[in-house]
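Work through the exercises below with the model open. Each task is followed by its solution.

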Amino acid sequence: MHFDTLIINAHIATMNNEFGYGNNTPYGTITDAAMAIQDGKIVWLGKTVNLPKHTADNVIDVTGQWLTPALIDCHTHLVYAGNRSNEFEMRLNGVSYEEVARQGGGIVSTVKATREASFDELYQASVPRLKDLISQGVTTIEIKSGYGLDLDSERKMLAVAKKLGEDFGITVRKTYLAAHATPPEYKGQNDAYIDKVCEWLPILHAEGLVDAVDAFCENIAFNLEQVSKVFNVAKSLGLPVKLHAEQLSDMGGSGLVASFDGLSADHIEYLSMKDIDKMAKSGTVGVLLPTAFYTLRETKLPPIQAMRDAGVNMAVSTDCNPGTSPSTSLLLAMNMACTLFRLTPEESLAGTTLHAAQALGLSEHKGKIAVGYDADIALWNITRPADLCYLIGQSVLAQVWHQGQVVLKN
Ligand code: NIG
Ligand code: FE
């Protein structure tokens, strides 16, 4: 056998049930393991001592280090211009959220800055955030539109997302979120705006800029009927759907997204038992966004145990955005999923690998270390996998590969 790259003497958290993940072996761990890469795919996996006769262009001995699937951030608003630290400061100086909004703050201020930014300015503003995520072993990321809210500005955001993926050699999934908020020019005319959202979607899809469709279902955003309209257009185009659901109240959005066989319901602090059952039946992932929960000082916990009991898979993501989660740390989200939501470190890692891949419809290629899967792998200077959740703010990444290519080496 010939390999492009062969990694030997690693401990591998495969997250693969063929190696006991979900059964008798936490993290599907193989100790003193080897992994071979050929043409961007994993082609051999097992104990180093069991390696078949081979030649290899590149052999890397990583004695004592840990390999995991490269991390996947399945819910971000990473492309935006401006920031809202001024609002953060105003609120801490006693100005109310409503007053901030009246002064042109909130989502609308990010929309204004994003519309005003050129393609290059928007790209440059987004690069440091993406670099931060890569520095934590992320090589697959979902990026949403939703701060443009007109055809050209939504296109600009999605095109920046696409270019980031090409330039950094990682996988970027582009999600159309024009139904994020009502732009100022449609104030008080939500239905008319939703008609526009439905009109723009086929146009941007035809330009190759849309992989999935999202919306914000909430009292302060769009109702079930309006979201259904957008989802029906997505369905007619064969696009998968997902939803910002049950973040501030129980609107039944998670049940709606499940009825469309949606990829995920995200936030879900106010998720009901009824909708948990629907999600379990449709295989819709529950995406947890603990940094947004923390930033908003939310106290209502998502129903973690009920999702476990029902067999709803849970993902963990940054929700990187300038309003509710100004974070570019997926490892911090994993830590908070444990400390705030009581996920186990193993569930937290599944949430940024196996289940995050499922939330993006990429389960057949990514999210675990398995023969035939993309060689998206992260090498860590850690003692055991729980360190990824336990440590706060330490740089533990040694190296990360995307489809067999080195993206970053420390
Ligand atoms: O995921 N919930 C809606 N959207 C974002 C926040 C957007 C903003 O405040 O800019 C979120 O939390
Ligand atoms: Fe979000």
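A polar contact is a pair of N or O atoms within 3.5 Å; within protein, one must be able to donate a hydrogen and the other to accept it, and residues adjacent in sequence count only if both atoms are side-chain atoms. The model is predicted: local features need pLDDT of at least 70, side-chain atom pairs pLDDT 80 or more, while totals for chains, interfaces and linings use all residues. Side-chain values use heavy atoms, without hydrogens and water.

**Exercise 1.** Find side chains with a polar atom close to an oxygen atom of ligand 1.

Solution. Start with His267: a polar side-chain atom lies 3.1 Å from a ligand 1 oxygen. For Thr324 the distance is 2.6 Å. Next, an N or O atom in the His244 side chain is 3.1 Å from an oxygen of ligand 1. Finally, the protein covers 96% of the 330 Å² of accessible area that ligand 1 has on its own (Shrake-Rupley method, 1.4 Å probe).

**Exercise 2.** Which residues coordinate the iron ion (ligand 2)?

Solution. Take donors as N, O and S atoms within 2.8 Å of the metal (3.2 Å for Na, K and Ca); water is not among the atoms, so sites may look incomplete. His75 (NE2), His77 (NE2), His244 (NE2) and Asp319 (OD) coordinate the iron ion, at 2.1 to 2.2 Å. Their spacing in sequence reads H-x1-H-x166-H-x74-D.

**Exercise 3.** Are His75 and Asp319 buried or exposed?

Solution. Buried means under 20% relative accessible area, exposed over 50%, partly exposed in between (1.4 Å probe, protein chains only). His75 has 0%, so His75 is buried. Asp319 has 1%, so Asp319 is buried.

Conventions:
Residues are numbered from 1 along each chain as its sequence is written. Chains are lettered from A and ligands numbered from 1 in the order in which they are written.
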